[in-house]
Structures are given as C-alpha cells and as structure tokens.
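Hello everyone, and thanks for coming. Please have a look at the structure on the screen, and then I'll walk you through a few places in it.

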Amino acid sequence: MKGLIAAGGNATRLEELTRVTNKHLLPVGRWPMIYYPLQLLQRVGVTEVLIVTGKQHAGQFIDLLGNGHVPARDGGELLFDLDLSYKVQVEAGGIAQVVGMARSFAGDDRLVVCLGDNIFEHSQAGAIGDWDEGALVFVKGVPDPENFGVVVYDAEGGVADVVEKAGIVDLRYDAPPSNDAVVGLYCYPPDVFELIDELEPSSRGELEITDVNRAYAQQGRLAVRRVEGWWHDGGKHWADLAEVGRKIEQTGANK
C-alpha cells in the first residue's frame with residue numbers, strides 16, 4: 001500500500017495568504033498543513049508517499065520535507081520517517097489527473113490518496129486496515145452539499161452513484177441528492193489507472209475524481225465509510241485555518 005498527497009492549486013479563496021506560497025505550507029496550529037496528511041498516511045501503515053504539487057512551489061516542499069525523514073526542530077521526536085517522492089503538475093487538470101500521475105509510483109500496489117488540505121481528528125486507520133478490495137471513500141454530512149461531490153443511495157441504502165456539485169458541474173441533478181459529501185481521502189486498487197484512462201474532462205475542463213468513484217459505484221465495487229470524528233477542508237477560507245488549529249490543540253489530529 002502506497003500513499004499519494006495532492007498538494008497543488010492556487011487557493012485563491014485564501015486571498016493574500018497564498019500569493020507567494022502554496023496553501024499546504026501555511027501554518028495550521030503548530031504545524032504546516034502538509035504535515036497532517038503525511039502523519040495520517042504514516043499512521044495507516046504507508047511508508048512510501050508521492051507528493052504532487054505545482055511547479056511554482058515544488059522547491060519549497062523539498063526544502064521543508066526533504067526525503068521524508070523529518071525530525072522535530074528541538075532535536076527530539078522524529079515527526080516523519082517516510083520515503084518521499086515528488087512530481088509536478090504543470091497545469092491544473094483535476095484530482096483524477098493527479099491520481100493518474102501516480103501510475104508508475106504505485107505499480108501493482110493499492111493507493112491511499114489524501115488531499116493535502118484535508119485534516120481529520122482520526123486517521124481512519126481501522127477502516128483503511130479493513131479495506132481489501134474495490135475502492136473505498138469516506139463521507140461526512142455537510143450543510144452545503146452543493147459545493148461537494150455527494151453520494152447517491154438506492155432504495156436499499158446501497159451506493160448507486162456519486163454526483164459532483166449537482167446543478168453546477170453534474171447537470172443530471174438540479175440539487176444534491178444527499179448531504180453526504182465525499183471527503184478528500186480515497187483508497188483505490190491498482191486498476192484505478194485503467195478507469196482514469198477512459199475519463200473525459202468535465203464541464204469545467206478537469207478529470208473529476210467523482211467520475212472515478214462513480215465508475216466503481218456502477219461496478220458495485222465502491223465502499224463508503226463515515227468519517228470518524230471531525231473533518232476539515234483547509235482550503236475554504238483564511239479564517240478557518242486559525243479555527244482548525246485551535247481544534248487540533250483541543251482534540252488532537254490523526255488519532
């Protein structure tokens with residue numbers, strides 16, 4: 001099992017904070033944001049991780065993380081002991097494009113994908129440890145499902161479909177069919193790259209990770225688990241960074 005962190009994007013919603021740096025390098029609590037998905041992957045048993053970012057800030061990630069052997073600055077604990085690799089996404093093309101870039105890195109291994117701005121109270125290690133076939137995604141009920149990819153359930157409560165921003169990107173639905181947003185933690189078997197090869201760009205010109213998840217749902221190979229504890233998308237608003245930092249101090253992260 002290998003890990004992938006998607007850490008690109010311009011993050012214009014964070015306004016002046018990302019004018020000269022990548023959002024995943026911004027401080028959240030006592031750590032840079034990118035530390036949290038790295039810690040999550042290490043705690044679920046991953047040792048080899050690929051970071052994909054844009055060309056503007058790739059050097060900053062290397063300066064910060066090096067080869068993945070990162071001791072605390074006080075000379076104490078080892079924060080990470082990972083085998084890190086890096087790739088550059090030259091143009092924004094969607095999360096599915098980022099996953100496709102991990103083909104040679106992943107080989108025949110299963111792949112745990114984490115968005116670099118998603119932070120979790122718990123590492124979801126139990127659910128990922130139980131995953132053994134098909135694809136696995138995690139969901140959380142949200143008050144604004146129109147801004148997310150959401151799960152569509154059939155009459156028996158099974159997964160029938162996944163819809164990306166209903167009425168905006170996916171025009172098959174005028175409104176979101178559920179409030180269960182798919183969060184930025186995905187687990188894929190080796191055949192994910194064959195599915196990505198078949199994708200067409202969406203109405204916004206990107207390869208959508210929702211289309212990958214939908215393909216697995218249509219095959220009856222998509223498992224859905226609810227997020228244990230709180231989850232936070234760190235790329236929405238600059239004020240959220242301080243809020244989630246305080247929450248981490250109170251409850252911890254990736255427990």
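What you see is a predicted model, where local features need pLDDT of at least 70, side-chain atom pairs count only at pLDDT 80 or more, and totals for chains, interfaces and linings use all residues. Residues are numbered from 1 along each chain as its sequence is written, and side-chain values use heavy atoms, with hydrogens and water left out.

Now to T251, which touches E121 and W230 once residues up to four places away in sequence are set aside. T251 belongs to helix α8, residues 238-251. Helices here are DSSP runs of H or I with at least four residues, strands are runs of E with at least two, and both are numbered from the N terminus. Buried means under 20% relative accessible area, exposed means over 50%, and partly exposed is in between, using a 1.4 Å probe and protein chains only. From T251 to D174, 77 residues away along the chain, the C-alpha separation is 38 Å.

W230 comes up again with a charge: the charged end of K247 sits over its ring, 5.4 Å from the centre. R110 likewise lies over the face of W131, 4.4 Å from the ring centre. The rule is that NZ of Lys or CZ of Arg must be within 6 Å of the ring centre and within 35 degrees of the ring normal.

Next, rings with rings. Rings of Phe, Tyr and Trp (its six-membered ring) pair if their centres lie within 6.5 Å; planes under 30 degrees apart are stacked, over 60 edge-to-face, and the rest tilted. How many aromatic pairs does this rule give? The count is seven. One of them joins W31 and Y35 edge-to-face, with 5.4 Å between centres and 65° between planes. W31 counts as buried because its relative accessibility is 17%, and Y35 is buried too, at 8%. W31, Y35, Y36 and F80 make up one aromatic cluster.

On to the nonpolar cores. Such a core is a set of buried Ala, Val, Leu, Ile, Met, Phe, Trp, Tyr and Cys residues joined through side-chain atoms within 4.5 Å. The largest has 51 residues, and I34, L38, V49 and F138 touch the most other members. Helix α1, residues 35-43, gives the largest share of this core, five residues. A second, separate core has 34 residues, including V52, A96, V99 and L199. Beyond four places in sequence, the contacts of F138 include Q124, A127, I128 and R225.

After α2 comes G66, with a positive phi near 55°.

H57 is buried, since its relative accessible area is 13%. Leaving aside neighbours within four places in sequence, H57 is in contact with V20, T21 and N22.

Terms used. Contact = heavy atoms within 4.5 Å.
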